[in-house]
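I opened this notebook to keep a record of what I looked up in one structure. The entries follow the order in which I worked.

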Amino acid sequence: MALSRSICLGASVLTGVMAQPVLAQDAGPTGRLLTLDTTYGLQASDNPDLDTDGNARFDATARFRLGMLTATEGQSFQAALDGGLRLSAGADADTSDLVDPALSFAYERQTRSAALEIDGNLRRSEVSSLSPLDLLLDEDLSDEDLEDLLDGTVSDEATRLTFSLGASLETRRDHPFGVTYSLGVSGVRYSGDNNTFDDDTRLTGGIDMRLDLTETIQATSNLRYVLREDEENETRLNLAIGQRFATSRLGLRLGLTDQATGLRGDLALTGAIDRPTGRLSGEIGVSLEEGGDPGLIGSARAAFDLSDVSAVTFDLSRRVTQIEDANDNPALRTVTALSGTYAQQLTRSWQLGLDTRYVITRSDAAGEGDEDFGQIGASLSRALTRDWALTMGASHRFEKDDDGSDASGTAVSLSLSRSFQQAF
């Protein structure tokens, strides 16, 4: 499965930095490891913002990721700092920007009977650079903010700061009945947006319970309470039961959410199949909003090695959410997302990567039309030395809207990257 795990690296180089996780087994005998990943790239695009009358732009970027790991038996601590600088030249103006600076950390301590995890992250990004493909799959965005972002009604100077801090304590790990307690805070802050978007802070508390009925049958419950700054608080309850077989798993999941728009319920059949060459997992079910009609929901994920030198991944999901139309009447939005990647080791030094994503949105809200977004990309990379790699890529994105405001853009890129690790 080594090639499957690296497929995203080979097929998504169009945006730059190659961020690789720091693994405890790489820390060496000292238990401490320092990593530095750098990427220098050039990209030319004829419509980077997917505007109907978009202008071409040329970008030169330099990105880095500095990571540190300390690990001993039973505990580990990781921290990472990443970001970059972009110089842009185009018809609008020549600019220089700090690109997506971020800071993150994670601490984990385990014993036979308990486990403690603490993690946090802080990231700033340009609102105008957020892809519609990513926005539609962001379940934390409010409906009003989502529509404004998709319509592009925001200045190029607007930035988005996201943050989170959380902790969880798992108890009775060595018993048939176990309990996990969790507490976290997360939020988003906007600036330079002329008050287009609403800041939000969420405080989440939860308790998870696990009951091993037999050696192969397990029941779980997950209870979450979300306290929001806009006072649209939520209570979520998930109940599940599943059975493990030799190479597969089958289960049933029931989810209930009490939110400002009413009660929502999900019922789904879940399953997974494990094979020596990969794994297939997914679920299918129905979702019912208070006062609405049932909607089909589900997901499917697959990652397989086709041979010793090729691998493929596939991801399909469908979800239904309740929104409000222009007249403040309840309505439903359905988001269907499809993505896939393919990686092929051509020679000892060359690797080919292909990736595609497609998102379909449908809504019965008055004044809201159907929208489709897609992207397809290809890359060719060569390992120059043990640390250095050269990557060439091309991508094409498009947007289709019922109002006729279709747009598309094509980009080509060239990047040089280095990944360095040193135990200390």
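**Entry 1. Ground rules.** I noted that this is a predicted model, in which local features need pLDDT of at least 70 and side-chain atom pairs count only at pLDDT 80 or more, while totals for chains, interfaces and linings use all residues. Residues are numbered from 1 along each chain as its sequence is written, and side-chain values use heavy atoms, with hydrogens and water left out.

**Entry 2. Strand pairing.** I took helices (H or I, at least four residues) and strands (E, at least two) as DSSP runs numbered from the N terminus. Two strands pair if DSSP finds at least two bridges between them. I looked up β7 (residues 177-191) and β8 (residues 200-212) and found them antiparallel, joined by 12 bridges. Leu183 stands opposite Gly205 in β8. I then followed β8 to β9, with which β8 pairs in the antiparallel sense over 11 bridges. Here Gly206 stands opposite Arg224 in β9. The strands β8 and β9 form a hairpin, with 4 residues between them.

**Entry 3. Salt bridges.** Side chains of opposite charge can pair when their charged atoms come close. I counted a salt bridge where a side-chain nitrogen of Lys or Arg lies within 4 Å of a carboxyl oxygen of Asp or Glu. How many salt bridges does a search of the whole structure find? The search finds 19.

- Glu170 and Arg173 meet through their side chains at 3.7 Å, N to O. Glu170 is partly exposed at 27%, and Arg173 is partly exposed at 31%.
- Asp315 and Arg301 form a salt bridge at 3.3 Å, N to O. Asp315 lies in β15 (residues 310-324) and Arg301 in β14 (residues 295-307), so the pair ties together parts that are 14 residues apart in sequence. Asp315 counts as partly exposed at 25%, as does Arg301 at 42%.
- Asp387 forms a salt bridge with Arg418, and their closest N and O atoms are 3.7 Å apart. This pair links distant parts of the chain, 31 residues apart: Asp387 is in the loop between β18 (371-383) and β19 (388-401), and Arg418 is in β20 (residues 407-423). Asp387 is partly exposed at 26%, and Arg418 is partly exposed at 30%.

**Entry 4. A network.** Salt bridges with shared partners join Asp200, Arg202, Arg228, Asp230, Glu234 and Arg236 into one network. Is Glu234 buried or exposed? Glu234 is buried, with a relative accessible area of 11%. The side chain of Glu234 also makes a polar contact with the side chain of Arg236 at 2.8 Å. A polar contact is a pair of N or O atoms within 3.5 Å; within protein, one must be able to donate a hydrogen and the other to accept it, and residues adjacent in sequence count only if both atoms are side-chain atoms.

**Entry 5. The second largest pocket.** I ended with the second largest pocket, whose lining draws its largest share, 6 residues, from β10. At least two lining residues come from each of β9 (217-228), β10 (234-244) and β11 (248-259).

Notes:
Buried < 20%, exposed > 50% of the residue type's maximum accessible area, 1.4 Å probe, protein only.
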